[in-house]
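Here are my notes on this model, point by point. Please read them with the structure open.

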Amino acid sequence: VEQGEHVVAGWGVQNSPMTLGSSPTSFGYSSAGEKITGGKSEPYGERFGPGDIITLYLHLKSGLMAFAKNGTDQGLGFRLSKDLQGCPFFPQLMLKNAIVSVFFRPRAGLKGFPKGLVAGFSWLADSTN
């Protein structure tokens with residue numbers, strides 16, 4: 001990420017504030033290599049920047065949320081509280097001086113795009129629930 005640029009990618013429930021990660025109902029992975037929720041951040045995964053592809057994983061039944069950078073799993077990001085499991089979540093982005101592309105299904109030929117997803121996950125565009 002260039003100086004002055006910042007990206008946070010993640011998930012939030014319908015009424016989450018626009019500032020991703022500022023409430024306990026939104027969860028993000030930042031370009032600074034941090035995970036953020038409830039207004040608190042902690043080190044997580046690798047930093048990312050221009051040309052990197054970030055994949056967001058969310059399993060509502062188990063309450064697990066994770067992220068990948070260029071197809072490499074960054075580890076468990078969050079475990080949702082029982083009251084949030086099963087709630088509808090929406091993908092969210094928070095950008096400062098950055099341009100991104102968003103894909104809801106695989107794109108062949110993009111460097112860093114995951115060849116497959118973690119077992120038990122599907123592309124958002126292919127979701128039936």
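1. Start with Y29. This is a predicted model, and in it Y29 is buried, with a relative accessible area of 0%. F67 is buried too: its relative accessible area is also 0%.

2. Next, the aromatic pairs. The count comes to seven. Take Y29 and F67: their ring centres are 5.4 Å apart and their planes meet at 45 degrees, so this pair is tilted. The angle decides the label, because planes under 30 degrees apart would count as stacked and those over 60 as edge-to-face.

3. What does the Y29 and F67 pair tie together? Y29 sits in strand β2 (residues 26-30), and F67 sits in strand β6 (residues 64-69). The pair therefore ties together parts that are 38 residues apart in sequence.

4. Which residues do ring pairs link into a cluster? They are F27, Y29, Y44, F48, F67, F78 and F89. Both Y29 and F67 from the points above belong to this cluster.

5. K35 lies over the face of F78, at 5.4 Å from the ring centre.

6. Now the hairpin. Strand β3 covers residues 34-37 and strand β4 covers residues 40-43. The two run antiparallel and are joined by four bridges. T37 stands opposite K40 in β4. Two residues lie between the strands. In the turn, G38 has a positive phi of about 60 degrees.

Note on methods
Residues are numbered from 1 along each chain as its sequence is written. This is a predicted model: local features need pLDDT of at least 70, side-chain atom pairs count only at pLDDT 80 or more; totals for chains, interfaces and linings use all residues. Side-chain values use heavy atoms; hydrogens and water are left out. Two strands pair if DSSP finds at least two bridges between them. Rings of Phe, Tyr and Trp (its six-membered ring) pair if their centres lie within 6.5 Å; planes under 30 degrees apart count as stacked, over 60 as edge-to-face and the rest as tilted. Buried means under 20% relative accessible area, exposed over 50%, partly exposed in between (1.4 Å probe, protein chains only). A charge sits over a ring if NZ of Lys or CZ of Arg is within 6 Å of the ring centre and within 35 degrees of the ring normal.
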